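Here's a quick briefing for anyone opening this one for the first time. Have a look at the structure, then read on.

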Amino acid sequence: MNPENPEKEVEPEKNVSEGSDPMAHEDDDNEEAEISYEEESWYQPTFSFVGGKKTRIGRLPKGCLYDRNCNYTIPKVSQRKSNDSENITPLCSPSEAEWVEYQQTKTWIRHHEDEWPAVMQKWALTSVIRLYEISKLEKRTCGLILDLYPTLRSPDGYQLGQIDFDTMFPTKSSALFEKWNSFIESLKPILVADVSDKSGKTILNQLEGELSEDCRDAVYSMLLPYILPCAVLTLSDKGKWKPSYIENRNSFVYWVQSIIDLQSKVKAHHTSRSETRGMPQCPLVIVVGPDLSKLNTFSVSFGDAFYQFPTFLKALDICYKFYKTYSLPFAAECAGSWNLINHVIYEFPVESSCRAKILSISNVISSRS
């Protein structure tokens, strides 16, 4: 009995010899120590498994917990298919009869551009063979594509390019329109934090005012080059060139203040790139308006062809699809901006340009969505 509290007995201390196993406690302690030790220790076995195959790393294990080497188990290889080639239509070599029929259809299209619904129908029927034909070209350029398929120069020729894109990537046709609003909403804090150039801040300040949806979309797009600057480029003459932010932006979204100057200024831009830098002509989004808050015309330049669209987002979508459908390399100055859209919105594997920054932005956007 407890003299201070006679109504309550003091429980005797447990003796390890009475109803308990001292080794069990020791095992528990060792287990806890081992778990802690594993978390805080570095260990490299003598081999690893890459793609399900055993690959030797070294003759002896490194780090701590050497005894774990014999218990190193084969990691389970994920059976989930990669989406790199998901929903992409394969391009197969046509038979001789199919090739002859394709050439006849190609000639018919060239001489019947006034029958546009029939042109679009025949274009869709020959899309796979045409994409195969383009894939075999050694050096693809806007001019070469237009020379092979002059119907693309029609004011509605972009619709044919869209048909080819839908043939190759049937599930991605509306990706930009479905994801754009959430994309720019997640992107805004990054722009506010990372845009440091004076001209970029001037454009960024436009977001604080009243903007139409098209002007807002154009402003967000024009800010991408400011967070994805271009590295030093090696030109065809082995010279070096570090594009400025404005040069980067102008090769992504080109702003013209007057519709009268549209074609002349865009032509001068392409000529300057080709003659001064030795760079091929690339698809280009063009916006027209006296101020970024008063943009009223949205176009795409593809070689010597110009297409006009009702909204900025439609122009951006078609420009991207020309690049992707006909396997044209993104303009080197702004490849990072196109690569971001290519990866985050259209969900294609990230390319080399600005890769680390794009993966970082992608992770931030994913965490906020």
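This is a predicted model: local features need pLDDT of at least 70, side-chain atom pairs count only at pLDDT 80 or more; totals for chains, interfaces and linings use all residues.

**Aromatic pairs**

The count of aromatic pairs comes to 21 here, where rings of Phe, Tyr and Trp (its six-membered ring) pair if their centres lie within 6.5 Å. Planes under 30 degrees apart count as stacked, over 60 as edge-to-face and the rest as tilted.

- Take W180 and F183: their ring centres sit 5.5 Å apart with planes at 45°, so this pair is tilted.
- Both W180 and F183 belong to helix α7, three residues apart, or about one turn of the helix; helices here are DSSP runs (H or I, at least four residues), strands are too (E, at least two), and both are numbered from the N terminus.
- W180 is buried at 1% relative accessible area, and F183 is buried at 3%; buried means under 20% (1.4 Å probe, protein chains only), exposed over 50%, and partly exposed in between.
- F252 and W338 make an edge-to-face pair, 4.8 Å centre to centre with 75° between the planes.
- F252 is in the loop between α10 (245–250) and β7, while W338 is in helix α13, so their pair ties together parts 86 residues apart in sequence.

- Residues are numbered from 1 along each chain as its sequence is written, and side-chain values use heavy atoms, with hydrogens and water left out.
- The protein chain averages a pLDDT (the predictor's confidence in each residue, from 0 to 100) of 83, and 75% of the residues score at least 70.
- Over residues 1–40, pLDDT stays under 50, and the model has twelve contacts (heavy atoms within 4.5 Å) beyond four places in sequence there.
- Residues 65–87 also stay under 50, with 25 such contacts.

**Helix α7**

- Helix α7 covers residues 175–194 and bends by about 35° at N181; the bend is the angle between axes fitted to the seven residues ending there and the seven starting there.
- Its buried residues include A175, L187 and L191, and what covers the buried ones includes α8 (198–204) and α9 (213–227).

**Helix α11**

- H269 lies in helix α11 and counts as buried at 13% relative accessibility.
- Leaving aside residues up to four places away in sequence, H269 touches N250, S251, Y254 and L284.
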